Amino acid sequence: MAQLGKIPATVITGFLGAGKTTMIRNMLENANGKRIALIINEFGDLGVDRGIINGCGIEGCEEDDVVELANGCICCTVADDFLPTIQGLIDRDTPPDHIVIETSGLALPKPLVKAFNWPEVRSRVTVDGVVAVLDGAALRDGLFAHDHHAVQAQREADENLDHESPLEELFEEQLHCADMVVLNKTDLLTDAERSKVEADIRAELKKPSVKIIATEHSRVENAILLGLGAAAEDDLDSRPSHHDDGHEHDHDDFDSFVVSLDAISDPANLEKRLIDVVRQFDVLRIKGFLNVPGKPMRHVVQGVGERFQRYFDRPWADGETRRSELVVIGLHGLDRAAIEAAIKAA
(Lines give C-alpha, C1' and ligand atoms only; values in the text may rest on other atoms or scores of the structure.)
Protein backbone atom coordinates (compact mmCIF):
# COMPACT_ATOMS: atom_id res chain seq x y z
CA MET A 1 0.00 0.00 0.00
CA ALA A 2 1.16 3.54 -0.72
CA GLN A 3 2.05 5.77 2.22
CA LEU A 4 -0.95 7.82 3.30
CA GLY A 5 -1.69 10.57 0.81
CA LYS A 6 1.26 9.76 -1.45
CA ILE A 7 1.13 8.71 -5.09
CA PRO A 8 3.03 5.42 -5.56
CA ALA A 9 5.73 5.27 -8.22
CA THR A 10 7.27 2.11 -9.67
CA VAL A 11 10.75 2.22 -11.20
CA ILE A 12 11.27 -0.40 -13.91
CA THR A 13 14.93 -1.01 -14.63
CA GLY A 14 16.79 -3.61 -16.64
CA PHE A 15 19.33 -3.84 -19.44
CA LEU A 16 18.65 -3.03 -23.09
CA GLY A 17 16.01 -5.30 -24.57
CA ALA A 18 15.10 -7.14 -21.38
CA GLY A 19 11.37 -6.55 -21.98
CA LYS A 20 10.59 -3.40 -20.00
CA THR A 21 8.41 -1.75 -22.66
CA THR A 22 6.48 -4.97 -23.28
CA MET A 23 5.86 -5.21 -19.54
CA ILE A 24 4.45 -1.69 -19.50
CA ARG A 25 2.14 -2.46 -22.42
CA ASN A 26 0.85 -5.51 -20.55
CA MET A 27 0.38 -3.35 -17.47
CA LEU A 28 -1.70 -0.81 -19.38
CA GLU A 29 -3.83 -3.50 -20.98
CA ASN A 30 -4.79 -4.67 -17.49
CA ALA A 31 -5.05 -1.30 -15.74
CA ASN A 32 -8.80 -1.78 -15.06
CA GLY A 33 -9.47 1.93 -14.83
CA LYS A 34 -6.38 2.81 -12.78
CA ARG A 35 -4.84 6.05 -14.09
CA ILE A 36 -1.20 5.17 -14.82
CA ALA A 37 1.22 7.86 -15.98
CA LEU A 38 4.41 6.75 -17.72
CA ILE A 39 7.83 8.36 -17.81
CA ILE A 40 10.00 6.72 -20.45
CA ASN A 41 13.73 7.41 -20.65
CA GLU A 42 15.69 6.30 -23.71
CA PHE A 43 19.38 6.21 -24.59
CA GLY A 44 19.62 7.67 -28.10
CA ASP A 45 17.78 10.16 -30.27
CA LEU A 46 15.00 7.93 -31.58
CA GLY A 47 12.06 7.54 -29.18
CA VAL A 48 11.19 3.95 -30.05
CA ASP A 49 9.75 2.89 -26.71
CA ARG A 50 7.43 5.89 -26.41
CA GLY A 51 6.37 5.34 -30.01
CA ILE A 52 5.49 1.73 -29.25
CA ILE A 53 3.45 2.69 -26.18
CA ASN A 54 1.62 5.49 -27.98
CA GLY A 55 0.78 3.10 -30.78
CA CYS A 56 -0.63 0.46 -28.45
CA GLY A 57 -4.28 1.30 -29.09
CA ILE A 58 -5.14 0.50 -25.47
CA GLU A 59 -8.28 2.19 -24.17
CA GLY A 60 -7.44 4.84 -21.60
CA CYS A 61 -3.81 5.16 -22.72
CA GLU A 62 -3.58 8.81 -23.72
CA GLU A 63 -0.53 10.50 -25.22
CA ASP A 64 -0.51 13.08 -22.42
CA ASP A 65 0.01 10.25 -19.94
CA VAL A 66 3.27 9.16 -21.64
CA VAL A 67 6.22 11.49 -21.06
CA GLU A 68 9.52 10.87 -22.83
CA LEU A 69 12.94 11.90 -21.52
CA ALA A 70 15.01 11.21 -24.63
CA ASN A 71 18.71 11.32 -25.49
CA GLY A 72 19.89 11.39 -21.92
CA CYS A 73 20.33 9.14 -18.94
CA ILE A 74 17.61 9.75 -16.39
CA CYS A 75 20.03 9.04 -13.55
CA CYS A 76 22.34 11.82 -14.78
CA THR A 77 19.67 14.47 -15.47
CA VAL A 78 17.49 14.12 -12.37
CA ALA A 79 17.38 17.81 -11.46
CA ASP A 80 17.02 19.14 -15.00
CA ASP A 81 14.56 16.68 -16.50
CA PHE A 82 13.06 14.15 -14.13
CA LEU A 83 11.98 16.27 -11.18
CA PRO A 84 10.13 18.87 -13.30
CA THR A 85 8.37 16.01 -15.07
CA ILE A 86 7.23 14.46 -11.79
CA GLN A 87 6.14 17.89 -10.56
CA GLY A 88 4.06 18.40 -13.68
CA LEU A 89 2.30 15.05 -13.25
CA ILE A 90 1.40 15.48 -9.58
CA ASP A 91 0.24 19.07 -10.11
CA ARG A 92 -2.41 18.06 -12.64
CA ASP A 93 -6.05 18.73 -11.82
CA THR A 94 -6.49 14.96 -11.83
CA PRO A 95 -3.19 13.40 -10.72
CA PRO A 96 -2.37 9.82 -11.73
CA ASP A 97 -3.15 6.91 -9.42
CA HIS A 98 0.27 5.43 -10.10
CA ILE A 99 3.44 6.62 -11.85
CA VAL A 100 5.60 4.12 -13.73
CA ILE A 101 9.12 5.08 -14.75
CA GLU A 102 10.87 3.01 -17.42
CA THR A 103 14.57 3.83 -17.19
CA SER A 104 17.00 3.60 -20.05
CA GLY A 105 18.62 0.19 -20.27
CA LEU A 106 21.89 1.93 -19.39
CA ALA A 107 20.62 3.89 -16.37
CA LEU A 108 21.47 3.35 -12.73
CA PRO A 109 18.32 3.19 -10.58
CA LYS A 110 19.70 4.37 -7.24
CA PRO A 111 20.23 8.06 -8.17
CA LEU A 112 16.65 8.09 -9.40
CA VAL A 113 15.35 6.64 -6.14
CA LYS A 114 17.39 9.24 -4.23
CA ALA A 115 15.60 11.98 -6.14
CA PHE A 116 12.33 11.09 -4.43
CA ASN A 117 13.80 12.56 -1.24
CA TRP A 118 13.80 16.02 -2.80
CA PRO A 119 11.42 18.28 -0.84
CA GLU A 120 9.39 19.07 -3.95
CA VAL A 121 8.21 15.47 -4.29
CA ARG A 122 8.92 13.65 -1.00
CA SER A 123 5.66 14.68 0.65
CA ARG A 124 3.57 13.66 -2.34
CA VAL A 125 5.19 10.64 -4.03
CA THR A 126 6.78 7.44 -2.73
CA VAL A 127 8.76 4.75 -4.55
CA ASP A 128 6.42 1.78 -4.30
CA GLY A 129 9.13 -0.51 -5.64
CA VAL A 130 12.06 -0.99 -8.01
CA VAL A 131 11.48 -3.83 -10.47
CA ALA A 132 14.49 -5.21 -12.35
CA VAL A 133 13.63 -6.98 -15.59
CA LEU A 134 16.29 -9.48 -16.65
CA ASP A 135 16.76 -11.23 -19.99
CA GLY A 136 17.07 -14.89 -19.06
CA ALA A 137 18.68 -15.89 -22.35
CA ALA A 138 21.26 -13.10 -22.11
CA LEU A 139 22.18 -14.21 -18.60
CA ARG A 140 22.48 -17.82 -19.77
CA ASP A 141 24.80 -16.70 -22.58
CA GLY A 142 27.06 -14.75 -20.22
CA LEU A 143 26.39 -11.28 -21.62
CA PHE A 144 27.18 -9.48 -18.37
CA ALA A 145 30.15 -11.48 -17.08
CA HIS A 146 31.60 -14.07 -19.41
CA ASP A 147 33.58 -15.70 -16.61
CA HIS A 148 32.56 -14.22 -13.29
CA HIS A 149 34.77 -16.52 -11.23
CA ALA A 150 37.86 -15.68 -13.28
CA VAL A 151 37.13 -11.98 -12.97
CA GLN A 152 36.73 -12.28 -9.21
CA ALA A 153 40.03 -14.18 -8.99
CA GLN A 154 41.77 -11.36 -10.84
CA ARG A 155 40.30 -8.78 -8.47
CA GLU A 156 41.42 -10.71 -5.42
CA ALA A 157 44.91 -11.12 -6.88
CA ASP A 158 45.36 -7.39 -7.46
CA GLU A 159 42.99 -5.00 -5.70
CA ASN A 160 44.30 -2.10 -7.81
CA LEU A 161 42.91 -3.63 -11.00
CA ASP A 162 39.34 -2.94 -12.13
CA HIS A 163 38.34 -5.90 -14.25
CA GLU A 164 34.63 -5.25 -14.14
CA SER A 165 33.04 -4.67 -17.53
CA PRO A 166 30.55 -1.83 -18.11
CA LEU A 167 27.84 -4.44 -18.70
CA GLU A 168 28.59 -6.27 -15.47
CA GLU A 169 28.54 -3.04 -13.46
CA LEU A 170 25.17 -2.07 -14.92
CA PHE A 171 23.76 -5.50 -14.18
CA GLU A 172 24.89 -5.30 -10.55
CA GLU A 173 23.63 -1.73 -10.08
CA GLN A 174 20.17 -2.62 -11.37
CA LEU A 175 19.97 -5.89 -9.45
CA HIS A 176 21.21 -4.49 -6.13
CA CYS A 177 18.59 -1.74 -6.15
CA ALA A 178 15.66 -4.04 -6.89
CA ASP A 179 12.72 -4.94 -4.67
CA MET A 180 11.57 -7.51 -7.20
CA VAL A 181 13.35 -9.30 -10.05
CA VAL A 182 11.41 -10.39 -13.12
CA LEU A 183 13.31 -13.11 -14.96
CA ASN A 184 11.94 -12.71 -18.46
CA LYS A 185 12.17 -14.81 -21.64
CA THR A 186 12.22 -18.07 -19.72
CA ASP A 187 10.59 -19.69 -22.75
CA LEU A 188 14.08 -19.56 -24.30
CA LEU A 189 15.59 -21.56 -21.43
CA THR A 190 15.56 -25.24 -20.55
CA ASP A 191 14.53 -26.16 -17.03
CA ALA A 192 18.16 -26.73 -16.09
CA GLU A 193 19.24 -23.39 -17.58
CA ARG A 194 16.48 -21.56 -15.79
CA SER A 195 17.44 -23.14 -12.44
CA LYS A 196 21.08 -22.13 -12.92
CA VAL A 197 20.19 -18.55 -13.92
CA GLU A 198 17.88 -18.18 -10.93
CA ALA A 199 20.61 -19.50 -8.63
CA ASP A 200 23.12 -17.03 -10.09
CA ILE A 201 20.68 -14.16 -9.56
CA ARG A 202 19.96 -15.21 -6.00
CA ALA A 203 23.69 -15.36 -5.24
CA GLU A 204 24.10 -11.80 -6.53
CA LEU A 205 21.20 -10.25 -4.60
CA LYS A 206 22.04 -8.25 -1.50
CA LYS A 207 18.57 -8.52 0.04
CA PRO A 208 17.25 -12.07 0.64
CA SER A 209 13.68 -10.71 0.73
CA VAL A 210 13.74 -9.88 -3.00
CA LYS A 211 11.37 -12.13 -4.95
CA ILE A 212 12.31 -13.59 -8.34
CA ILE A 213 9.34 -13.90 -10.70
CA ALA A 214 9.89 -16.04 -13.80
CA THR A 215 7.88 -15.05 -16.86
CA GLU A 216 7.53 -15.19 -20.62
CA HIS A 217 6.94 -12.16 -22.84
CA SER A 218 7.00 -9.88 -19.76
CA ARG A 219 3.58 -11.05 -18.60
CA VAL A 220 3.23 -10.30 -14.91
CA GLU A 221 -0.04 -9.45 -13.15
CA ASN A 222 -0.40 -5.85 -12.01
CA ALA A 223 -1.31 -7.10 -8.56
CA ILE A 224 2.22 -8.51 -8.35
CA LEU A 225 4.07 -5.53 -9.81
CA LEU A 226 2.17 -2.68 -8.21
CA GLY A 227 1.57 -2.25 -4.50
CA LEU A 228 4.91 -3.48 -3.15
CA GLY A 229 4.92 -0.70 -0.56
CA ALA A 230 8.73 -0.63 -0.43
CA ALA A 231 9.16 3.13 0.23
CA ALA A 232 12.55 2.65 -1.42
CA GLU A 233 13.55 6.28 -0.88
CA ASP A 234 13.72 5.48 2.85
CA ASP A 235 15.75 2.32 2.31
CA LEU A 236 18.81 3.51 0.37
CA ASP A 237 21.43 1.90 2.59
CA SER A 238 20.28 -1.61 1.62
CA ARG A 239 20.82 -0.78 -2.08
CA PRO A 240 24.61 -0.64 -2.58
CA SER A 241 26.03 1.15 -5.62
CA HIS A 242 29.46 1.38 -7.21
CA HIS A 243 28.99 5.15 -7.03
CA ASP A 244 28.27 5.48 -3.32
CA ASP A 245 31.82 6.80 -2.94
CA GLY A 246 30.89 9.94 -4.86
CA HIS A 247 32.40 8.96 -8.20
CA GLU A 248 30.24 10.29 -11.01
CA HIS A 249 28.45 8.00 -13.41
CA ASP A 250 28.67 8.57 -17.15
CA HIS A 251 27.92 6.68 -20.33
CA ASP A 252 31.25 7.10 -22.11
CA ASP A 253 31.38 3.31 -22.31
CA PHE A 254 28.44 3.27 -24.75
CA ASP A 255 27.62 4.78 -28.14
CA SER A 256 24.33 5.15 -29.99
CA PHE A 257 23.28 6.61 -33.32
CA VAL A 258 20.31 6.57 -35.67
CA VAL A 259 20.40 5.07 -39.17
CA SER A 260 17.83 6.45 -41.62
CA LEU A 261 16.80 4.13 -44.44
CA ASP A 262 14.66 4.23 -47.53
CA ALA A 263 11.43 2.25 -47.64
CA ILE A 264 12.11 -1.43 -46.88
CA SER A 265 10.29 -3.81 -49.21
CA ASP A 266 11.79 -6.95 -47.65
CA PRO A 267 12.04 -6.71 -43.83
CA ALA A 268 13.19 -10.33 -43.58
CA ASN A 269 16.20 -9.59 -45.76
CA LEU A 270 16.99 -6.52 -43.67
CA GLU A 271 16.84 -8.65 -40.54
CA LYS A 272 19.50 -10.98 -42.00
CA ARG A 273 21.73 -7.96 -42.64
CA LEU A 274 21.17 -6.70 -39.11
CA ILE A 275 22.17 -10.07 -37.63
CA ASP A 276 25.37 -9.94 -39.70
CA VAL A 277 26.01 -6.42 -38.40
CA VAL A 278 25.55 -7.56 -34.80
CA ARG A 279 28.01 -10.42 -35.32
CA GLN A 280 30.61 -8.32 -37.13
CA PHE A 281 30.54 -5.18 -34.98
CA ASP A 282 29.43 -6.55 -31.59
CA VAL A 283 26.30 -4.38 -31.48
CA LEU A 284 24.21 -4.75 -28.31
CA ARG A 285 20.84 -3.43 -29.42
CA ILE A 286 19.01 -2.39 -32.62
CA LYS A 287 15.43 -1.12 -32.60
CA GLY A 288 13.24 1.13 -34.68
CA PHE A 289 10.48 1.45 -37.25
CA LEU A 290 10.23 0.54 -40.94
CA ASN A 291 8.15 1.87 -43.81
CA VAL A 292 7.13 -1.17 -45.87
CA PRO A 293 5.71 -0.13 -49.28
CA GLY A 294 2.16 -1.28 -49.88
CA LYS A 295 1.53 -1.89 -46.19
CA PRO A 296 -0.71 0.55 -44.29
CA MET A 297 0.89 -0.25 -40.94
CA ARG A 298 4.20 0.67 -39.32
CA HIS A 299 6.69 -2.20 -38.94
CA VAL A 300 8.57 -2.47 -35.63
CA VAL A 301 12.06 -3.99 -35.37
CA GLN A 302 13.43 -5.09 -31.98
CA GLY A 303 16.84 -6.73 -31.70
CA VAL A 304 18.85 -7.89 -28.68
CA GLY A 305 22.12 -9.33 -29.83
CA GLU A 306 21.32 -11.75 -32.64
CA ARG A 307 17.71 -12.27 -31.49
CA PHE A 308 15.24 -10.17 -33.49
CA GLN A 309 11.49 -9.66 -33.38
CA ARG A 310 9.44 -7.89 -36.04
CA TYR A 311 5.75 -7.00 -36.23
CA PHE A 312 3.25 -4.45 -37.57
CA ASP A 313 2.00 -2.43 -34.63
CA ARG A 314 -0.36 0.29 -35.90
CA PRO A 315 -1.49 2.10 -39.06
CA TRP A 316 0.48 5.15 -40.16
CA ALA A 317 -1.48 8.19 -39.02
CA ASP A 318 -2.92 10.75 -41.42
CA GLY A 319 -0.24 13.34 -42.10
CA GLU A 320 2.47 11.22 -40.46
CA THR A 321 5.69 10.90 -42.43
CA ARG A 322 6.31 7.27 -43.30
CA ARG A 323 9.96 6.62 -42.48
CA SER A 324 12.46 3.86 -41.75
CA GLU A 325 14.80 4.56 -38.85
CA LEU A 326 16.83 2.34 -36.56
CA VAL A 327 18.78 3.20 -33.42
CA VAL A 328 22.02 1.25 -32.94
CA ILE A 329 23.54 0.87 -29.44
CA GLY A 330 26.83 -0.72 -28.46
CA LEU A 331 30.01 -0.32 -26.47
CA HIS A 332 32.12 2.78 -27.13
CA GLY A 333 34.07 2.67 -30.38
CA LEU A 334 31.37 1.52 -32.77
CA ASP A 335 32.39 2.10 -36.39
CA ARG A 336 29.37 4.16 -37.38
CA ALA A 337 30.28 4.56 -41.05
CA ALA A 338 30.91 0.85 -41.54
CA ILE A 339 27.76 -0.15 -39.66
CA GLU A 340 25.59 2.26 -41.65
CA ALA A 341 27.07 0.98 -44.90
CA ALA A 342 26.44 -2.63 -43.92
CA ILE A 343 22.83 -1.94 -42.90
CA LYS A 344 22.13 -0.02 -46.11
CA ALA A 345 23.78 -2.61 -48.38
CA ALA A 346 21.54 -3.68 -51.27
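Glu-340 is buried, with a relative accessible area of 18%; buried means under 20%, exposed over 50% and partly exposed in between, using a 1.4 Å probe and protein chains only. The model is predicted: local features need pLDDT of at least 70, side-chain atom pairs count only at pLDDT 80 or more, and totals for chains, interfaces and linings use all residues. Residues are numbered from 1 along each chain as its sequence is written, and side-chain values use heavy atoms, leaving out hydrogens and water.

Glu-340 belongs to helix 12, residues 336-344. Helices (H or I, at least four residues) and strands (E, at least two) are DSSP runs, numbered from the N terminus. With neighbours within four places in sequence set aside, Glu-340 contacts Phe-257, Val-258 and Val-259. Contact means heavy atoms within 4.5 Å. Val-258 is 82 residues from Glu-340 along the chain, yet their C-alpha atoms are separated by 9.1 Å.

Five strands form an open sheet in the order 8-12-9-10-11, with antiparallel pairing. Strands pair if DSSP finds at least two bridges between them. Strand 8 (254-261) and strand 11 (307-315) stand at the edges; each has a single partner strand, so one side of each lacks a neighbour in the sheet. Neighbouring strands are turned by 15 degrees against each other on average, direction ignored. Axes are lines fitted to C-alpha atoms, for helices over the stretch in contact, and angles run from 0 to 180 degrees between N-to-C directions.

Strand 10 (residues 297-304) pairs with strand 11 over eight bridges, in the antiparallel sense. Arg-298 has Arg-314 in strand 11 as its bridge partner. Helix 12 packs on the sheet and touches strand 8, strand 9 (283-290) and strand 12 (324-331). The direction of helix 12 makes about 35 degrees with that of strand 8.
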